[in-house]
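The sequence and the structure come first.

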Amino acid sequence: MSGKRNVILIVDDMEINRAILRGVLEDEYHILEAENGEQAMLLVEQYRSAIAVMLLDVVMPVKNGYEVLKEMSARGFLDQIPVVMVTAEGSAESEVRAFDLGASDIVMKPFEPHVIRRRVQNIIELNLHKLHLEDLVEEQAQSLRESNEIITDALSSVIEYRSMESGQHILRIRMFTKILLHDVACNCREYGLDERKIESITRAAAMHDVGKIAIPDSILNKPGRLTDGEFEIMKTHTTKGCAMLDGLSRLGDQEYLRYAYNICRYHHERWDGRGYPDKLKGDNIPICAQVAGIADCYDALTTDRVYKKAYSHEKAMNMILNGECGAFSPKLLECLKNVGEQFRVLAREYADGRSPSADFQPRPEAEFLHEVDTAQLTQTKYFTVLRYLNVPVLEVDLDADIYHMVYAPNDDFDQLRSGGSFRQCFHAFVQSSVHPDDRRRVEETMENYLGTFFEEGLMKRSREYRVFRRSTGDYHWYRATLLRIDTEDPHRHRAMMIWRDIGGELSLRRSEDGEKTEQGVVALARNIPGGIVQCRNDSQLTMVRAGAGLTAMFGYNEEEIAQRFQNRLLAMLHPDDRAQAAAQVREQLQAGNAVELEYRVRRKDGSTVWVLDKGQVVEEDGDEYLYCVLVDVTRDKRAREELRLSLERHQIIMDQTDDIIFEWDMLTDQISYSQNWEKKFGYPPAGERSAMGMASSSHIYPDDRPALEELIDKLAAGTSYAQAEYRIAAADGRYLWCRTRASAQYDENGRPIKAVGVILDVDSEKSRTRALQAKAEMDALTGLCNKAAMHRRVEQYLEQRESGEIGAMLILDVDNFKLINDSYGHMFGDAVLTQISDRIRELFRGGDIIGRIGGDEFMVFLPRLPNREVAENRAGLLVESFRELFEGELDKCPLSCSIGIAYAPEDGLCYQDLFQRADRALYQAKSQGKNCFVAYDGRWMDQSFEDLAPAGSALGARIDSDERGATKTSGFIQYVFQILYRAGNVEEAVESILEMAGRQFDVSRAYIFENDGENRHSTNTFEWCNTGIEPQIDKLQSVSFEDLGGGYMENFNENGIFYCPDISELPQAQQDILVPQGIKSMLQCAIRDNGRFRGWVGFDENGENRLWTKDQIDALTFVAELLSVFLLKMRAQEKTETAAQGLLMALDNQNSWIYVVDPDTYEMLFINAKTRAIAPEAEVGMCCYRAFFGRSGPCEQCPARNIRTSVNRTMEIYNRILNVWSSADAALIRWEGREACLLTCHDITCYKKSRLEECPPGGRGGGPRPRFLDWAFRVCAIRANPSSIQKGFVS
Amino acid sequence: MSNSRLIDALTELGADTEGALRRFMNNEAFYERFLLKFMDDKTFDAIAPALEAGDAEGGFMAAHTLKGIAGNLGFTALYEAVCVLVEFLRAGDLDGARASYAPAEAAYRAVTALLAGGGN
């Protein structure tokens, strides 16, 4: 699956074309550029999975667009990357040619940018779609294959069932086939087997006995041997099976069917041509059938059948290998031997009756495959050699007890094919074919011979004896040589036996020459310094002879060597080196007959020497010996070690730094880079390997190449240090700024031969610097240059001005800007300045320098003018266009400007001079009535300048706010305040104020919004609408701030003002609410309570986008503040009253008599409803004793008495006048800001009734004193109220 | 009426500045930059020597390139004149090419003079 493809590669040799295309596309994609075909191909290789499309020009030098297209197609890139040709060629042939070569589309130059963008997008989308689809299709195919497999297996199992064999047979056949095929694929490449074919054949193998369906049961399941006739019928299962498979040709997968057909038909053919049905011979038999045949054979042998019992693995293998069960290709038999072990394991695991799992996958194949691979049998060569040798060759594996007569030129050695175990057959061979005299020697030492051969680690051993030759009828001498194979593993005992006919030669050859030679060698050996050694080529390198130099080298004499080391050279080696030395000997001898080793030896005195051992193999007496020379190389070794460490150090340093270090060998023009290149850029530095190469194709941004070339040239010329900065493309398609620094290295003659340097990533640094620079140069409000930048740039130009070029400096001052600021406010003034600077920008060219050098002063510098007229024309245009600006909006102060012009070189050659003169000219313009431009004229301006010196400069005048102030506004505010202050009804007052303000400022609506307690919703509480404007107040109740997008309060600035000349600049959520009301602009002021935002007062303007003036803002602010004070007070009051009401209701509804009295005077301050009900004449202000008891003074027993000092008391009181008993409670409270006494009397009359009857009501004053609790208060005369007396008990 | 004297002058001369501006994303500064760069462009100068030397191939490459640039920048007159030149050279007809060189040169000079004059 492809990753994100978002890079477009533009290939064109003209910068202008690339720039145009880049401009069109760089918003949505990363862009890579290439200048020529080579660079393009480099980038394609690099970024092939990130490029979405390539835009390719046709006409380019060196490699034109068609050639690039061809190469893309040839290398298969077109499948992933579509190409759009961009060409100015109009002809039909070129179109045809482009499409023929594989282009996806063609665009003609000059082109329409929008068209290009759409076409590119379409192509990219289409391509992505295609790639995606390909993946989908592959998935589908895969699942289809799987279902096919399941079906065929099921089918085959059904067939198996019928022939009384279990379903495991098919499974095993499949697995054997698969394993064997893998081995064949590795080792017999001529069959051209790959993974896919192996899969197919394996599946097809399941069908091999499909034809058995057509065989009658009586034959298929006959327990005994088949008669010839029955056998013939049995044989037809091959052809009948094919016929059935033919009918399945609709299945679709032709390859599979072909394999199935072949296997079915030919799996009983024989290598020697004596099989059935077609008697094919050798490799005419399709390999699939050969392999399936072996698998079938093996399985038949190792499982029970109706006609026989199962054989052991070893027996089956031996039978197959030696031709007792079918005849197979020798190559396949080799492979079979290799995988034999796996067959055995599988046969056991998947034996009938056992089924490891329901799925058909054999377990970890990886293990098996690995083992097979390492076997490394180079079959063809082997067999070639055998053919060449033309001698009998036998392979034996003593561990598995398997032997194989691989090659036999004649049948003299046939006894070795007799089956059973190796020992048995060898015995048979000896008994039948070896000369009687030699038999015992050969036979009895066989065990010994073989045993010692392996134990001692010998590689080769020979013996000679006579063997009967049938063709001549007599015995011939043979040298039988035993050769060890599989030498890496000491536990495997595999070997080969080869018999060479040595004719009449005698095995024993000891001539005088030999003796003499030997003597000479010994003498040599004794006298050579260093060591000379003859050792046997066995596992321990046993020394047979050693020179005296060995003693000198190691410090041990002969006796000591024999005693301590048993003459074993390997034992004298440093323990760590032994294994490696032995392995190296084995390895090197496989390739030739010489060895070269290095190892350490510990001397007698304890020190270690490094030894270089060079030797050669010589054969003597049938055994192999190594003749070696040993040399002490200790010193050399140390030196090399130090060098290695030093290099390693360098490598570490190179790797640890983040920078990319490179080295340029100038003589060979090769550049090598540290690994950091790939780490940083994400790809290896291919195109950057040579200086020449970099010139034409590399990842460098084409525009920056001159900088790099300059660097290269400098270094090549001999400069000792140089640096350059340029952009390099990174892996994701972006360009990164890099700084390269390099130093040169010289040869003895002082010529530069090398350069070493560093590449640093300065991308972020650069962009930061750029940003800061730009910021520092810019005037914040208008985005033009600020004064310092202006100065710098002008000076820069003036320095490199060419003669004949004219430069003009224009200073522009906005006339009467003060007035505008004062009339309309600073915010308005800023808006005006911004518009002015935009206008100026539009009127001048890109090369002109434009800046704002003062509050309302601008400067434009025009470089490279051919004549003055140009500048003056521009100035004229500028003055004119000012008049058009803000036409209609500023009828009170129409906008205009004055311009002063000075020219370089006539009026000055430096910034300061020009400035002074232009300023002077500006002053003149102002004096002439403004709204014009004046060019400096040295003839008369110089003089008058001095005269007017102090007042001569029009610049630097402060733009002060006039102190006139808003007299109108203040009057209005005073009026408003008075209304509110005196208002009886605050709400009415507010309404009339809104109306007044609305009319005063001629707005569409004036209104107030108030927030709820949590500031989550706001409600339009007051609204005044101008004539013809629809009221909105009903729709704006409880508007949620969330609906407004949540940030409504941020619209108000730090002064609480929300200044909105155009609501289309507001967030969408807010516009949605405002637009339906017909609003175009708004001015709002926040209402605050203790600093908290509680709502706002606002004006709406529905007719147009309106710029609100300072006057209006001030007025509105005051109104808002005033209103907020009064409104808030009103609301607070309402709240309090509501609260009080609530409390009152609570008190009134108590079922007790509750009243409040002054603690000193007993005047009542509050009477609750129930009290009023029982004593209607009671009123606030009356004394309680009088109102309730008719007394003239406070009652003695009164809970309220001394309430301040005594504790809260509860008493039971009888009230004669009202005729009620109460349980009275008095408490000291604060009431309306003063101390008071709260009396609560619970009605207990009903509880007291009985008591009352006992207690005679007392008269006034005296009478018997009742008991304390029944104390009755004397009832004083109360105001006669019949109703109360009616209560009954008054006497 | 644009904001650049240069562009206006070109339009007066008959150039398709509108089309060219569209190509430059309506960015006049961008367009002007390349207009000014055209003054330094050496492609045209390569045509005459090639014609003299009888090198139709080389002449074709240069003329073809020039055609592209002229088209992009909207120099209609130059474009058309060069087109004629290109077709002759494509066919290898050196005589025809030489004959049609003059009008191409005239158009080229007109444009470069205007550019150098800065729009006056």
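Contacts between residues 24 or more positions apart make up 55% of the contacts in chain A that have a separation of 6 or more. This figure, like the others below, is computed from a predicted model. The secondary structure of chain A amounts to 42 helices and 36 strands, and of its 1291 residues, 32% count as buried.

N6(A) belongs to the segment before β1 (7-11) of chain A, and its contacts, once neighbours within four places in sequence are left aside, are with Y29(A), H30(A) and A52(A). Although 726 residues separate N6(A) from D732(A) in sequence, the C-alpha atoms of the two are 9.1 Å apart in space. N6(A) counts as partly exposed because 14 other C-beta atoms lie within 10 Å, a number that falls between the limit of 12 or fewer for an exposed residue and that of 20 or more for a buried one.

Helix α36 of chain A can be described in some detail. It runs over residues 986-1001, and its 16 residues, at 1.5 Å a residue, should span 22 Å, which agrees with the 23 Å between its end C-alpha atoms. Its residues include the following.

An α-helix has 3.6 residues a turn, so residues three or four places apart point the same way.

The remaining topic is the contact between the two chains, to which chain B contributes 23 residues and chain A contributes 20 residues. On the side of chain B that touches chain A, the elements giving two or more residues are α1 (5-13), α2 (17-23), α3 (28-40) and α5 (56-73) of chain B. Of these, α5(B) gives the most, with eight residues. By residue class, this side of chain B divides into ten polar, seven nonpolar and six charged residues.

Methods. Residues are numbered from 1 along each chain as its sequence is written. Chains are lettered from A and ligands numbered from 1 in the order in which they are written. This is a predicted model: local features need pLDDT of at least 70, side-chain atom pairs count only at pLDDT 80 or more; totals for chains, interfaces and linings use all residues. Helices (H or I, at least four residues) and strands (E, at least two) are DSSP runs, numbered from the N terminus. Two residues are in contact if their C-beta atoms, placed from the backbone, lie within 7 Å. Ala, Val, Leu, Ile, Met, Phe, Trp, Tyr, Cys and Pro count as nonpolar, Asp, Glu, Lys and Arg as charged, and the others, Gly among them, as polar. The expected span of a helix is 1.5 Å times one less than its number of residues.
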